[in-house]
Amino acid sequence: MTVTLWEWALLALACFGAGLLDAVAGGGGLLSLPAFLQVGLPMPSCLGTNKLVAAHATLAASVRYARAGLVPRRSALLALFSCAGGALGAGLASWLPERTMHLAVLVLLPIALAGRLMFGDAGVN
């Protein structure tokens, strides 16, 4: 599969926006995953690339938040649970047929977007 220069530009913009959105409010994958799908990457590659991009954005944001003293040390333990869930999800995604993953993404992305829109500011005064 060949990605054109225009598609690379679209992906770069989507990934930048996703990293920015993720650092501020979460949900950056709602921008980047559809962009990866739009350029025609196979579903497993979309999911893997999306996670790779998101992990780097999350690491950069986490370091900035931690340096600013905004991350309680105990909350770092939650990363272990996140790692376990990510490993389980990636294993499941690589085991399921690609068509099933397409359907899952088509169902889950709108649900995730609706959740962000309805509850995105929950707990914020």
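These are my notebook entries on a predicted model of a single chain.

**Entry 1: ground rules**

I number residues from 1 along each chain as its sequence is written, and the model is predicted, so that local features need pLDDT of at least 70 and side-chain atom pairs count only at pLDDT 80 or more, while totals for chains, interfaces and linings use all residues. Side-chain values use heavy atoms, with hydrogens and water left out.

**Entry 2: the chain overall**

I looked up the secondary structure and found five helices and zero strands. Helices (H or I, at least four residues) and strands (E, at least two) are DSSP runs, numbered from the N terminus. Along the sequence the pattern reads α-α-α-α-α. I then took the extent of the chain: its C-alpha atoms fill a box of roughly 45 × 30 × 25 Å along the principal axes.

Burial came next. I call a residue buried under 20% relative accessible area, exposed over 50%, and partly exposed in between, using a 1.4 Å probe and protein chains only. Of the 125 residues of the chain, 19% count as buried.

For contacts I use heavy atoms within 4.5 Å. Among contacts between residues at least 6 apart in sequence, 57% join residues at least 24 apart.

I started at M1, in the segment before α1. M1 counts as exposed because its relative accessible area is 59%. Leaving out residues up to four places away in sequence, M1 touches V39, G40 and L41.

I moved on to E7, which lies in helix α1 (residues 5-24). Which residues does E7 touch, not counting those up to four places away in sequence? They are T2 and V39.

E7 is buried yet has no salt bridge. A salt bridge here is a side-chain nitrogen of Lys or Arg within 4 Å of a carboxyl oxygen of Asp or Glu. On charge, Lys and Arg count as positive and Asp and Glu as negative, and His and the chain ends are not counted. The nearest side chain of opposite charge to E7 is R99, 20 Å away.

I list L10 as partly exposed because its relative accessible area is 33%. The C-alpha atoms of L10 and Y65 are separated by 28 Å, the two residues being 55 apart along the chain.

Setting aside neighbours within four places in sequence, I found S32 in contact with A14, A18 and N50.

G48 has its place in helix α3. With a relative accessible area of 40%, G48 is partly exposed. From G48 to M118, 70 residues apart along the chain, the C-alpha separation is 28 Å.

P72 sits in the loop between α3 and α4. At 53% relative accessibility, P72 is exposed. P72 and L41 are 31 residues apart in sequence and 38 Å apart in space, C-alpha to C-alpha.

**Entry 3: pockets**

I worked on a 1 Å grid over the protein atoms alone: a pocket is an open set of points where a 1.4 Å probe fits, with protein on both sides within 12 Å along at least five of seven lines, and lining residues have an atom within 4 Å of a point. A volume is the space filled by probe spheres set on the points.

The largest pocket has a volume of about 1,400 Å³. Of the 46 residues that line it, the closest to its centre are K51, A54, A55, T58 and S82. Two or more lining residues come from each of α1, α2 (29-38), α3 (43-67), α4 (78-95) and α5 (98-119). Helix α3 gives the most to this lining, with 15 residues.

I sorted the lining by class, with Ala, Val, Leu, Ile, Met, Phe, Trp, Tyr, Cys and Pro as nonpolar, Asp, Glu, Lys and Arg as charged, and the others, Gly among them, as polar. The largest pocket has 28 nonpolar, 16 polar and two charged residues in its lining.

The second largest pocket has a volume of about 150 Å³. Its lining residues are G19, D22, A23, G26, A57, T58, A61, S62 and Y65. The elements giving two or more of them are α1 and α3, and α3 has the largest share, five residues. By class I noted four nonpolar, four polar and one charged.
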